[in-house]
Amino acid sequence: MGLSPLIRPHVHAHPTLDTAIWYLHLRWVAVAGQLLTMLAVAWGLKIQLPNWELLGLIGITAISNVAYAFWLSHLHRGGLEYGERLPTDQVVSSLMLVDILVLSGMLYHSAGLANPFALFYFVNVAVAGAILTPAWAWGIWGATVACVTLLLIHTLPLAELSNVN
């Protein structure tokens with residue numbers, strides 16, 4: 001499983017092995033970015049975050065990435081070539097749903113839709129539209145709309161951002 005580029009030269013309307021590996025790398029970049037953001041906000045901006053909750057959510061992505069990597073490696077060792085369709089769309093689609101739920105949980109604990117990282121919902125929907133079957137992509141969109149709606153109803157504010165003088 002060599003490194004695949006972050007910019008995909010082509011896409012399919014279903015996940016292939018090379019697209020799935022690209023998505024795995026994208027998810028690792030997300031884990032690293034989330035951890036770096038937590039450090040920058042806590043140390044650089046001096047904003048108190050619910051660290052354990054956020055680390056737990058990041059851990060869900062990291063642990064699922066390890067399992068996902070083993071599964072992809074097993075498929076490749078079993079003879080699946082890089083451009084071939086995965087035997088099931090459900091694994092990648094389920095991981096995208098997990099990513100939506102993890103993002104929603106992180107936003108819930110860090111100012112909700114007022115958090116600029118709420119824009120990452122667009123990334124998830126765009127990636128789903130590019131590599132999943134249309135039915136799954138619409139399902140990811142629906143889950144995203146549901147999560148955004150819930151965040152509009154209730155979210156936990158950050159004390160440092162709520163103090164208005």
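## Salt bridges

D89 forms a salt bridge with R85, and their closest N and O atoms are 2.9 Å apart. A salt bridge here is a side-chain nitrogen of Lys or Arg within 4 Å of a carboxyl oxygen of Asp or Glu. The structure is a predicted model, in which local features need pLDDT of at least 70 and side-chain atom pairs count only at pLDDT 80 or more, while totals for chains, interfaces and linings use all residues. Residues are numbered from 1 along each chain as its sequence is written, and side-chain values use heavy atoms, with hydrogens and water left out.

By this rule the count comes to 2 salt bridges. A further salt bridge joins the side chains of D99 and R27, at 2.7 Å from N to O. This pair links distant parts of the chain, since D99 belongs to helix 3 and R27 to helix 1, 72 residues apart. Helices are DSSP runs (H or I, at least four residues), numbered from the N terminus. D99 is buried, at 12% relative accessible area, and R27 is buried at 2%. Buried means under 20% relative accessible area, exposed over 50%, and partly exposed in between, with a 1.4 Å probe and protein chains only. D89 also counts as buried, at 12%, whereas R85 is partly exposed, at 41%. In general, side chains of opposite charge can pair when their charged atoms come close.

## Nonpolar cores

A nonpolar core is a set of buried Ala, Val, Leu, Ile, Met, Phe, Trp, Tyr and Cys residues joined through side-chain atoms within 4.5 Å. The largest nonpolar core has 27 residues, of which Y23, Y68, L72, L86, V92, M96 and I131 touch the most other members. Two or more residues of this core come from each of helix 1 (17-44), helix 2, helix 3, helix 4 and helix 5 (134-153). Another core, of 13 residues, lies apart from it and includes V31, L54, A111 and L158. In soluble globular proteins, nonpolar side chains tend to be buried together.

## Aromatic pairs

Rings of Phe, Tyr and Trp (its six-membered ring) pair if their centres lie within 6.5 Å; planes under 30 degrees apart count as stacked, over 60 as edge-to-face and the rest as tilted. By this rule the count comes to 4 aromatic pairs. One of them is the stacked pair of Y68 and W71, with 6.4 Å between centres and 20° between the planes. Because Y68 and W71 are 3 residues apart in helix 2, they are separated by about one helical turn. Y68 counts as buried, at 2% relative accessibility, while W71 is partly exposed, at 22%.

F117 and F120 form a stacked pair as well, 5.7 Å centre to centre and with 10° between the planes. F117 is partly exposed, at 36%, and F120 is partly exposed, at 42%. Y23, Y68 and W71 form one aromatic cluster.

## The loop between helix 3 and helix 4

H109 lies in the loop between helix 3 and helix 4 and counts as buried, at 18% relative accessibility. Not counting residues up to four places away in sequence, H109 touches P50, E53, L54, L57, L156 and L158; contact means heavy atoms within 4.5 Å. A111 is found in this loop too, and it is buried, at 14%. A111 has a positive phi of about 80° although it is not a glycine.

A114 also lies in the loop between helix 3 and helix 4, where it is exposed, at 68%. L113 is found in the loop between helix 3 (90-108) and helix 4 (120-131) and is partly exposed, at 31%.

## Other positions

K46, in the loop between helix 1 and helix 2, is exposed, at 59%. K46 has a positive phi of about 60° although it is not a glycine. Most residues other than glycine have a negative phi, and most peptide bonds are trans.

I60 is found in helix 2 (residues 51-77) and is partly exposed, at 41%. Leaving aside neighbours within four places in sequence, I60 is in contact with V98 and V102. I60 and V31 are 29 residues apart in sequence and 9.8 Å apart in space, C-alpha to C-alpha.
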